[in-house]
Amino acid sequence: EIESTTIFERSGWAVESVQRVGEKLQGVRPHKERFEVKVPWLEHFTAFTAPGKFIYVSRRLLEMCRDDEMAAFVIAHEIAHHDLGHLDIFPEWLPNLTGTAIAPLLTIFYRNLETVFYGPEKESAADKYAVDLCMEAGYDIEKCLSFFDVLEKFALDIGDLDIVFGPDESDEELDKHADWVTRLRIWWFKIRRGYLPIRDRRQMLIKYLKETSKGIT
């Protein structure tokens, strides 16, 4: 359905990149359980997945990835949503829908459910899982995390300070002992944006790597 309304890369560096990275990330995964990475021409700098075997990374986002490590983190994050069961929220009958109007309907349905059910906690879990996948595949994890530098630069270029820095209290985003006003402001930020601030996402991963002795000093 997506291919009926969107142009996809069929050859060239972008396809070669995602195929190379996808194979390396899934080297120990049985072939029948592997995900196929597609490169759609979309206006947005985005990556996403849905029920099924496909992961989508837009051509524009790939252009921002300076090396395979950055692309690996993006793809691994989407694989994580599957492996962690985050897509179990979707009804089993969803893939059986057909018809000319289904593609835009599924897009609206999916994007709204994604915002409500994924949330910052699941996105953070997917970040950590992606780090583990990248390390297991032999990627340089510091280069993988440099993807957040690209995200931050892009956000600052378009004036989106909110997603970079978050609320003033964002250092306490996962502190259960924060006062109720702080927790309310952070809750509202999470509802609006769906992710933790970019700097907090990166810092949480660095903390995770240090705590688990996985390569960051």
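Helices, in the account that follows, are DSSP runs of at least four residues, and strands are runs of at least two, both numbered from the N terminus. With that in place, the elements of this chain run α-β-β-β-α-α-α-α-α-α-α-α from the N terminus on. In total there are 9 helices and 3 strands.

The average pLDDT over the chain is 83, and 74% of the residues score at least 70. Which helix has the lowest confidence, and which the highest? The lowest is helix H8, residues 180–193, with a mean of 68, while the highest is H3, at 97. Where pLDDT is low, the predicted coordinates should not be read in detail.

Let me turn to the chain as a whole. It has 217 residues, of which 47% count as buried. If we take the contacts between residues at least 6 apart in sequence, 65% of them join residues at least 24 apart.

I begin the details with helix H3, residues 68–83, and its packing against helix H6, residues 147–157. The two axes lie 9 Å apart, at an angle of about 85°. Because angles of 65 to 115 degrees count as roughly perpendicular, H3 is roughly perpendicular to H6. Which residues make this contact? From H3 they are Met70, Phe73 and Val74, and from H6 they are Phe147, Phe148 and Val150. In terms of class, the contact consists of 6 nonpolar residues, with no polar and no charged ones.

Is Lys38 buried or exposed? Its relative accessibility is 18%; since buried means under 20%, Lys38 counts as buried. Setting aside neighbours within four places in sequence, Lys38 is in contact with Glu3, Phe8, Arg10, Phe54, Ile55, Tyr56 and Val57.

Finally, I come to helix H9, residues 198–211. After H9 comes Ser213, which has a positive phi, near 55°.

To close, I would recall two items for discussion: the contact of H3 with H6, with its 6 nonpolar residues, and Lys38, which counts as buried at 18% relative accessibility. Thank you.

Technical notes. Residues are numbered from 1 along each chain as its sequence is written. This is a predicted model: local features need pLDDT of at least 70, side-chain atom pairs count only at pLDDT 80 or more; totals for chains, interfaces and linings use all residues. Side-chain values use heavy atoms; hydrogens and water are left out. Axes are lines fitted to C-alpha atoms, for helices over the stretch in contact, and angles run from 0 to 180 degrees between N-to-C directions. Angles under 35 degrees count as roughly parallel, over 145 as roughly antiparallel, 65 to 115 as roughly perpendicular and the rest as oblique. Contact means heavy atoms within 4.5 Å. Ala, Val, Leu, Ile, Met, Phe, Trp, Tyr, Cys and Pro count as nonpolar, Asp, Glu, Lys and Arg as charged, and the others, Gly among them, as polar. Buried means under 20% relative accessible area, exposed over 50%, partly exposed in between (1.4 Å probe, protein chains only). pLDDT is the predictor's confidence in each residue, from 0 to 100. The expected span of a helix is 1.5 Å times one less than its number of residues.
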